[in-house]
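Please keep the sequence and the model in view while reading the points below.

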Amino acid sequence: MDDAITLEKETLGSLAKTAVIDCDVHNAVPSIQALFPYLPDRWRDYVVEHGIKSLEPNYYPRGVSLSARPDSVLPNGDPPGSDLEVLRRQVLEPWNMQYAILNCLYGVQMIHNEDWAAAMARAVNDWQIAEWLDKEQRLRASIVVASQNPEQAAEEIHRLGQHPGFVQVLLMVRSEMLYGKKHFWPIYEAAQQYGLVIGIHAGGVTGYPTMPVGWPSYYLEDYVSQSQAFQSQIVSLICEGTFQKFPRLRVTLLESGFAWMPALMWRLDKNWKGLRREIPWVDRLPSEIIREHFRLTIQPLDESPKPEHLLQTMEQMRSQDMLLFSTDYPHWHFDEKEEALPANLPPSLEKKILSENARSFYRFD
């Protein structure tokens, strides 16, 4: 018991001393009317005439990990994560944040009208600049794009690619087709041009099942199976030659978990050795490509009751550079601050996860 208390104090002390970089914080649009100043008249009228109330994701059931932690619920009824001052009090200040990367999960990817989707993405980004980036120097953000039309998405990246507040392009893991397909390459070309990371986040298009064999019956199945979608996207990006075409492209998997990664790397390497003639452009082990081009945030943390098991999983990835710190605020993945990190981390690895890996990958000053 005394050892546990000592470890907890050391962990909290380390967190207090380290300038943390949080790679997954969610800012929420308070209402669709908040975007009206950033929408052309045509689309503002469209929203009003069609009685559209919100594109905010509807997390079900209340109290699951993707729902808001209790202290982030706002008394005025606005969604958690929509108040900058509350975010300062609950994230930036307690964690000694140097930077926090905003990933706004507004449902533009669910819109079937491509022109309206592009207009909404543009409005969300302009709202992020005016209401978040211009008001708080510790914040960075992901460019929200409507991936339904990659050419239009690339135009949005070109519009904002040189803005110092944007460090990433946000895609959702459940997509209409696999992200390695050439259909999406205009997005990667633009992201590489501006040195932006591609962030692939859990969730996405609702018209497609999370499982490769059909629709699940229960939320639990849906939530746990998100990791299958992440694995499918990794395999697609590698096998389709995305990183041969865009050798400087970097990808962060957000809210994906990571305990499944070693097994995927082993299986992909093993089968590539026998089938490499099918994809001759993949000229080295897929696991090497993964270590170079991919990073993963640590929440949600799939932690064994025995801390040594998770440390073994991290060792099996054969890299100390791949994991990035995240709180996933305001989502509810841990109760106490010390639970945000895996237990018993070596101090050097803890520092890399808390800040150094993100500093290098996102090229923060």
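The structure is a predicted model. Pro212 is found in the loop that links β5 (197–204) to α7 (219–224). With a relative accessibility of 71%, Pro212 counts as exposed, because the threshold for that class is over 50%. The points that follow set this loop residue beside a strand residue, and then turn to strand pairing and helix packing.

**Two individual residues**

- The C-alpha atom of Pro212 is separated by 18 Å from that of Ile200, and the two residues are twelve places apart along the chain.
- Arg140 belongs to strand β3, which spans residues 139–144.
- Arg140 has a relative accessibility of 17% and therefore counts as buried, the limit for that class being under 20%.
- Leaving aside residues up to four places away in sequence, Arg140 touches Tyr99, Ala100, Ile101, Leu102, Leu133, Pro164, Gly165, Val167 and Phe364.

- Strand β4, formed by residues 166–174, is mostly covered, with nine of its nine residues buried.
- β3 and β4 run parallel and are joined by four bridges.
- Within this pairing, Val144 has Leu170 in β4 as its bridge partner.
- Between β3 and β4 the chain passes through helix α5 (residues 150–160), and this β-α-β crossover is right-handed.
- β4 also pairs with β5 in the parallel sense, over six bridges.
- Leu170, the partner of Val144, has Gly199 as its bridge partner in β5.
- From β4 the chain reaches β5 by way of helix α6 (residues 185–193), in a β-α-β crossover that is right-handed.

**Packing of helices α8 and α10**

- Two packed helices are described by the angle between their axes and by the distance separating those axes.
- For helix α8 (residues 226–239) and helix α10 (residues 261–275), the angle is about 35 degrees and the axes lie 11 Å apart.
- The crossing of α8 and α10 is right-handed.
- On the α8 side the contact involves Gln231, Ile234, Val235, Ile238 and Cys239, which meet Met261, Leu264 and Leu268 of α10.
- By class, the residues of this contact between α8 and α10 comprise seven nonpolar, one polar and no charged.

Terms used
Residues are numbered from 1 along each chain as its sequence is written. This is a predicted model: local features need pLDDT of at least 70, side-chain atom pairs count only at pLDDT 80 or more; totals for chains, interfaces and linings use all residues. Side-chain values use heavy atoms; hydrogens and water are left out. Helices (H or I, at least four residues) and strands (E, at least two) are DSSP runs, numbered from the N terminus. Buried means under 20% relative accessible area, exposed over 50%, partly exposed in between (1.4 Å probe, protein chains only). Contact means heavy atoms within 4.5 Å. Two strands pair if DSSP finds at least two bridges between them. A crossover is right-handed if, with the strands pointing away from the viewer, the path from the first strand over the helix to the second runs clockwise. Axes are lines fitted to C-alpha atoms, for helices over the stretch in contact, and angles run from 0 to 180 degrees between N-to-C directions. A crossing is left-handed if the near helix is turned anticlockwise from the far one by less than a right angle, and right-handed if clockwise. Ala, Val, Leu, Ile, Met, Phe, Trp, Tyr, Cys and Pro count as nonpolar, Asp, Glu, Lys and Arg as charged, and the others, Gly among them, as polar.
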